[in-house]
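Here is a short tour to read with the structure open beside you. It takes the helices in turn and then moves on to the pockets.

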Amino acid sequence: MAPDQFRGNEVASRAHISASAAMIVRALTGRLPYTGDSVMEIAIATVREPIPSATAIRHELPDELDQFMLRALAKEPSERPATMADLVAMLNKVPQHRTM
């Protein structure tokens with residue numbers, strides 16, 4: 001869930017952008033962006049903790065994936081892509097391999 005949902009704000013399309021980005025992160029790293037032993041711990045982490053680094057989880061991932069995550073999982077909805085097409089366009093700009 002997006003931080004705005006955990007805060008009890010209105011669920012808008014950008015909350016779905018955040019949720020989709022979280023699934024992309026899970027597919028690429030093997031874990032969700034935020035973890036915890038309970039839903040409450042995950043909610044608190046989602047709202048309060050910095051957006052994690054994908055490259056810290058899997059070093060072989062391209063650095064650009066971290067930039068994708070910062071925008072796609074932004075705490076403020078207005079900072080996320082406006083549409084799924086925008087999210088996909090951002091993801092398509094991330095190289096498939098880490099560049100040296």
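Predicted model: local features only at pLDDT ≥ 70, side-chain atom pairs only at ≥ 80, totals over all residues.

**Helix faces and pockets**

**Helix α5**
- In α5, which spans residues 64-72, the buried residues are Leu65, Asp66, Phe68, Met69 and Ala72.
- These residues sit on the same side of α5 because they cover an arc of only 155° around the axis.
- As a reminder, an α-helix has 3.6 residues a turn, so residues three or four places apart point the same way.

**Helix α3**
- Helix α3 (residues 39-48) has Ala43, Ala45 and Thr46 as its buried residues.
- Viewed down the axis of α3, they fall within an arc of 165°, so they line one face of the helix.
- That buried side packs against α1 (3-6), while the face turned away from it carries the exposed residues Met40 and Arg48.

**The largest pocket**
- Its volume is about 260 Å³, and of its 15 lining residues, Met1, Ala22, Pro33, Ile42 and Thr46 are the closest to the centre.
- Helices α1, α2 and α3 each give two or more residues to the lining, with the largest share, four residues, coming from α2.
- The lining of the largest pocket has 13 nonpolar residues, two polar and no charged.

**The second largest pocket**
- This pocket holds about 160 Å³ of space, and its lining includes Leu28, Leu65, Leu91, His97 and Arg98.
- Seven nonpolar, two polar and two charged residues make up the lining of the second largest pocket.

Technical notes:
Residues numbered from 1 in each chain as written. Heavy atoms only, no water. Buried < 20%, exposed > 50% of the residue type's maximum accessible area, 1.4 Å probe, protein only. Arc of directions from axis to C-beta. Contact = heavy atoms within 4.5 Å. 1 Å grid on protein atoms, 1.4 Å probe; cavity = no way out; pocket = protein on both sides within 12 Å on 5 of 7 lines; lining within 4 Å. Points joined across faces, edges and corners; volume = space filled by probe spheres on them. Nonpolar A, V, L, I, M, F, W, Y, C, P; charged D, E, K, R; others polar.
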